[in-house]
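Dear colleague,

Please find below the structure that I am handing over to you. My findings follow it.

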Amino acid sequence: MKCKILSCTFFLVIMASLISSCSKSEEGTEIPVMEEQIDEEPISEEPVDESGELTLFQRNTISYFIDIALGFEVGNASKITRKWVSEMKIYVRGNTTDELQSELDDIVQEINSLITDEIKLEIVDTKEASNYEIFFGSYVEYGELYPNLAERAERSWGIFTLDINDDDQIVGGLMYVDTERANEAEEKHLLREELTQSLGLAQDSSQYEDSIFQIEWTTVTEYSELDRELIRLLYHPDMQIGLDKWQVDDVLKEILLKE
């Protein structure tokens, strides 16, 4: 991760689905190979439910939330919760299609249905009205628009960057989906993954194959039940910014046991 201060805002470059090369499957299809950053921090004991009051699904939800919602895939940012506290206004540019636009509409509607605090996602018509941009096109075109991201876009089919202020609030961002190297299913997967991770659910995991946060390359284009819970809980009114895993554990138990 590279950070620089822009008008008192930390610009965090976060790369999801970072693709460095391709290999051939038995059918000859090109399969993106994912780069994984190794976390060399010592492993510490995870919070444990000793009350016996949570269901297995609820315990799995808390564990997965801690895996996905704290920190980022790349860099050394602190492992705390971060999220949007104002409207996420999305502007789309590049070589979009009716199919991708329809998919984006569906994703935005689904996310909004899960959010219970005061913010919503909205697609806007102009860049000036936006605080988040989605670009569909080639890495060459994206590199011309954003030269500082050109190298990452060349080796990646999907990336996102976030603006995070001093209070750990997400206040803006950019996103890119390669529509030349990816096929339709892959485009839809990347769109859903990058946009969802831009909410503050920025980590990947190898634990659940049907999750949009699966670290291995997939073409999952729907949220799993756990994915939906993570979105809902991050954007629950009782979930605050800046919480570490122990604080998150306490807050999530309170939320889930009240429901």
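Helix α2 passes helix α5 in a right-handed crossing (right-handed if the near helix is turned clockwise from the far one by less than a right angle, left-handed if anticlockwise). The axes of α2 (residues 98–114) and α5 (residues 184–197) come within 10 Å and cross at roughly 35°; axes are lines fitted to C-alpha atoms, for helices over the stretch in contact, and angles run from 0 to 180 degrees between N-to-C directions. Helices (H or I, at least four residues) and strands (E, at least two) are DSSP runs, numbered from the N terminus. On the α2 side, Glu99, Leu100, Glu103, Leu104, Ile107 and Glu110 meet Glu184, Glu187, Lys188, Leu191, Arg192 and Leu195 of α5, where contact means heavy atoms within 4.5 Å. The residues of this contact divide into five nonpolar, no polar and seven charged; Ala, Val, Leu, Ile, Met, Phe, Trp, Tyr, Cys and Pro count as nonpolar, Asp, Glu, Lys and Arg as charged, and the others, Gly among them, as polar.

Please note that this is a predicted model, in which local features need pLDDT of at least 70 and side-chain atom pairs count only at pLDDT 80 or more, while totals for chains, interfaces and linings use all residues. Residues are numbered from 1 along each chain as its sequence is written, and side-chain values use heavy atoms, with hydrogens and water left out.

Gln58, Ile62, Phe65 and Ile66 in α1 meet Lys245, Val248, Asp249, Leu252, Lys253 and Leu256 in α7. By class, that contact has six nonpolar, one polar and three charged residues.

In the protein chain as a whole there are seven helices and ten strands. Of its 259 residues, 52% count as buried (under 20% relative accessible area; exposed is over 50%, partly exposed in between; 1.4 Å probe, protein chains only).

The largest nonpolar core has 58 residues, of which Phe65, Ile90, Leu121 and Tyr132 touch the most other members. Such a core is a set of buried Ala, Val, Leu, Ile, Met, Phe, Trp, Tyr and Cys residues joined through side-chain atoms within 4.5 Å. Leaving aside neighbours within four places in sequence, Ile90 is in contact with residues including Val108, Leu121, Tyr132 and Leu195.

Helix α6 (residues 225–234) is mostly covered, with eight of its ten residues buried. These buried residues pack against α1, β5, α2, α5 and α7. One of the residues in α6 is Glu229, which counts as buried because its relative accessible area is 15%. Not counting residues up to four places away in sequence, Glu229 touches Phe57, Thr61 and Leu256.

Which residue lies in the loop between α2 and β7? That residue is Asp117, which counts as buried because its relative accessibility is 16%. Its side chain is joined to that of Lys83 by a polar contact of 3.3 Å (a pair of N or O atoms within 3.5 Å; within protein, one must be able to donate a hydrogen and the other to accept it, and residues adjacent in sequence count only if both atoms are side-chain atoms).

Finally, Asp168 is found in the loop between β9 and β10. Although Asp168 is not a glycine, it has a positive phi of about 65°.

With kind regards
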